[in-house]
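Q: I am new to this structure and would like to learn how to read some of its features, one at a time. Could we begin with the terms and then turn to the cases?

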Amino acid sequence: MNNAIEVENLIKVYKNGVRAVDGVSFSVHEREIFGFLGPNGAGKSTTIKCVIGLLRPTSGTIRVLGADTGQDPGVVKRNIGYAAQETAVDDRLTGWENLYLQGRFYHLPRAEIRRRGEEVLKLFGLWERRNDVAGTYSGGMLKRLDIACALIHRPRILFLDEPTLGLDVQTRKTIWEYIEMLRGEHGMTIFLTTHYMEEADALSDRVAIIDRGKIVALDRPGALKAGIGWDLITVRFSTDGGELGGLLSALLALPEVREVRETEDGIYRIAVERNGDRLIPRIVRLAEARGIGIHSIRLKRPTLNDVYLHYTGREIREAEGSREELIRSRVMARRIRR
Amino acid sequence: MTFLSDVWYVAWRELVKFFRAKVRVVVTLIQPLLWLGLMGNVLEGFTKSPYVQQMLGTSSYLSFMTPGIILMTVLFGGVFSGLSIVWDRRIGYLEKLMAVPISRGAIPLGKMLAAAIQGGIQVLVIILIATAFGVRFAAGPLGVLLILLVAMFFSSILSGFSLALAVRVKTQETLMAVVNFLTMPLMFTSNALFPREAMPGWLAAIAKVNPVTHAVAPIRELTLRGWDWGAMYPGIAVTVGLALAIGIWAQWTFRRATAE
Ligand SMILES: Nc1ncnc2c1ncn2[C@@H]1O[C@H](COP(=O)(O)OP(=O)(O)O)[C@@H](O)[C@H]1O
Ligand SMILES: [Mg+2]
């Protein structure tokens with residue numbers, strides 16, 4: 001399989017001394033959806049901007065479709081599409097004008113822009129509103145228009161920097177569908193960054209977890225979660241504690257079980273080494289054999305959040321709400337100024 | 001060829017927005033009406049003196065002042081060109097322009113072209129209004145065309161300067177402050193509105209090197225006297241030369257400042 005993107009030892013130190021990207025290496029296969037997951041300030045946007053040639057790396061090598069970003073910026077630019085974290089739509093132009101201009105900047109002939117433009121605007125559900133000034137669009141429509149603009153020249157690689165930041169759940173799901181369709185039907189390679197772990201989990205073939213400028217883990221989401229090495233089974237017994245002792249020691253005797261802990265009265269958390277689902281029937285049988293009733297039983301698989309916690313010792317969601325509010329209010333302020 | 005296309009579409013974006021903002025269009029058209037109507041009439045009386053007539057080279061102050069108003073209008077239009085860069089940077093559009101395969105030099109040139117076209121439209125309106133007020137352009141229709149061209153090159157000097165400045169400046173307030181600091185003195189230390197002969201010696205010396213004075217010379221020649229290449233070419237050469245130099249400088253700052 002060919003690699004669409006190859007990055008080796010990328011380091012970016014900003015002029016103010018911030019070491020935003022600190023020795024990052026990865027490769028993205030063709031037709032892959034590659035997720036870059038990390039909290040704000042981890043260095044995701046900086047990495048993207050280096051890869052597509054908007055920023056000059058401090059050191060490291062970057063190849064996009066075999067071309068060196070530093071030496072052949074033109075080749076890279078013509079073959080990629082980029083939708084920045086901050087939606088860059090001119091809100092005093094109409095949706096169509098935004099798209100037309102973008103097509104012109106890629107030097108597409110007028111007829112081609114008309115054909116492609118109609119196609120992407122219909123695809124993204126913006127065709128009816130194409131002649132309205134973009135300032136009248138909702139946040140989700142603006143984002144969709146921005147992605148549509150990035151697609152006008154049929155790029156081979158699409159870079160999406162936090163494509164669903166600050167959008168509602170419904171719009172987010174729609175954008176996920178578009179992304180999957182672009183890969184499925186058009187065979188596009190997609191590099192996306194996000195700080196939503198569900199997004200990385202749902203979309204990516206492989207995920208790189210980035211923290212403070214370094215990749216701390218990189219694999220398929222399933223493998224990453226399996227790598228954590230435990231599932232949690234939470235059992236609530238309906239009998240009181242007196243007769244449980246025997247059962248608990250029987251459970252602990254099972255080779256897969258690592259730990260049994262009582263969290264609340266009658267609720268036990270059993271940490272097992274993977275495949276917790278297969279253990280559930282045995283737990284039920286062991287309980288029944290001792291005449292102990294089970295009120296409910298729940299299996300919790302590790303999430304990417306647990307993976308992140310595991311590798312960094314911190315929660316990915318820390319201090320995130322405030323920033324989203326900030327971005328929303330900024331979008332609002334922009335509208336009001338019109 | 002793609003370079004010219006890039007320049008044109010950068011300009012196209014500005015022009016579409018210009019014509020969409022109807023209030024802006026109306027204001028830019030009314031402004032010269034006020035200048036010509038008010039100042040021209042107020043000061044008309046003082047051209048009754050033959051001494052003043054000799055200084056102005058005409059018996060109509062309005063005819064003397066029209067070239068000055070033309071330059072003042074494109075000057076004030078051009079200097080605001082840089083604001084659009086500051087704005088583009090803020091909304092992320094500048095980054096978008098960096099990510100598409102256009103030449104970075106096309107960005108300032110496109111915006112300069114847009115400013116020149118907007119300025120050209122204003123100049124046409126001024127000429128029409130002035131004609132309605134009785135000004136006769138001695139060099140005829142072709143002369144008017146040349147006036148238009150000189151004014152557009154002059155506009156590019158100011159817009160190019162403002163754009164190059166805007167690459168470094170991060171806020172609109174700073175840019176406005178710098179630009180305002182320069183434009184008024186530039187205007188009033190030139191002979192655009194008052195003849196150099198009427199100035200004190202030190203001011204006349206400044207006026208002599210002021211680019212506004214150089215640009216106004218061929219326009220005034222075409223307005224008051226007609227075709228005299230000998231009298232016009234130094235002014236035209238300085239204006240076009242400065243515009244080209246500033247155009248190159250603006251492109252250079254864009255290529256450099258954006259490759260961080
Ligand atoms: N233009 C810049 N100049 C200086 N520091 C920057 C700049 N852009 C980002 N940074 C810093 O670099 C770090 C990484 O930022 P960024 O790449 O935007 O992270 P992310 O996209 O993961 O949120 C942060 O500490 C941020 O403050
Ligand atoms: Mg970011």
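A: Let us start with burial: a residue counts as buried when its relative accessible area is under 20%. The model before you is predicted, and in it Ser45(A) counts as buried, at 18% relative accessibility.

Q: Which protein donors does the magnesium ion (ligand 2) have?
A: The protein donors of the magnesium ion (ligand 2) are Ser45(A), through OG, and Gln85(A), through OE1, lying 2.0 Å from the ion. Ser45(A) belongs to helix α1 (residues 44-51) of chain A, whereas Gln85(A) is in the loop between β6 (80-83) and α3 of that chain, so the pair ties together parts that are 40 residues apart in sequence. Gln85(A), at 19% relative accessibility, also counts as buried, because the limit is under 20%.

Q: How many aromatic pairs are found over all chains, and what describes such a pair?
A: In general, a pair of aromatic rings is described by the distance of the centres and the angle of the planes. A search of the whole structure finds 17 aromatic pairs over all chains. One of them joins Phe36(A) and Phe191(A), a tilted pair with 5.2 Å from centre to centre and 45° between the planes. Because Phe36(A) lies in strand β3 (residues 33-37) of chain A and Phe191(A) in strand β8 (residues 189-194) of chain A, this pair ties together parts that are 155 residues apart in sequence. Phe36(A) is buried, with a relative accessible area of 0%, and for Phe191(A), likewise buried, the value is 0%.

Q: Which chains does the pair of Tyr100(A) and Tyr9(B) cross between, and how are the two rings arranged?
A: Tyr100(A) and Tyr9(B) form an edge-to-face pair, with centres 6.0 Å apart and an angle of 70° between the planes. The pair runs from helix α3 (residues 95-105) of chain A, which holds Tyr100(A), to helix α1 (residues 2-20) of chain B, which holds Tyr9(B). Tyr100(A) counts as buried at 12% relative accessibility, and Tyr9(B) is buried with a relative accessible area of 7%.

Q: Which residues do ring pairs link into a cluster?
A: The cluster linked by ring pairs consists of Phe26(A), Phe34(A), Phe36(A), Phe159(A) and Phe191(A).

Q: What lies over the ring of Trp127(A)?
A: The charged end of Arg130(A) sits over this ring, 3.8 Å from its centre, and Lys122(A) lies over the face of Trp127(A), at 5.0 Å from the ring centre.

Note on methods
Residues are numbered from 1 along each chain as its sequence is written. Chains are lettered from A and ligands numbered from 1 in the order in which they are written. This is a predicted model: local features need pLDDT of at least 70, side-chain atom pairs count only at pLDDT 80 or more; totals for chains, interfaces and linings use all residues. Side-chain values use heavy atoms; hydrogens and water are left out. Rings of Phe, Tyr and Trp (its six-membered ring) pair if their centres lie within 6.5 Å; planes under 30 degrees apart count as stacked, over 60 as edge-to-face and the rest as tilted. Helices (H or I, at least four residues) and strands (E, at least two) are DSSP runs, numbered from the N terminus. Buried means under 20% relative accessible area, exposed over 50%, partly exposed in between (1.4 Å probe, protein chains only). A charge sits over a ring if NZ of Lys or CZ of Arg is within 6 Å of the ring centre and within 35 degrees of the ring normal. Donors are N, O and S atoms within 2.8 Å of the metal (3.2 Å for Na, K and Ca); water is not among the atoms, so sites may look incomplete.
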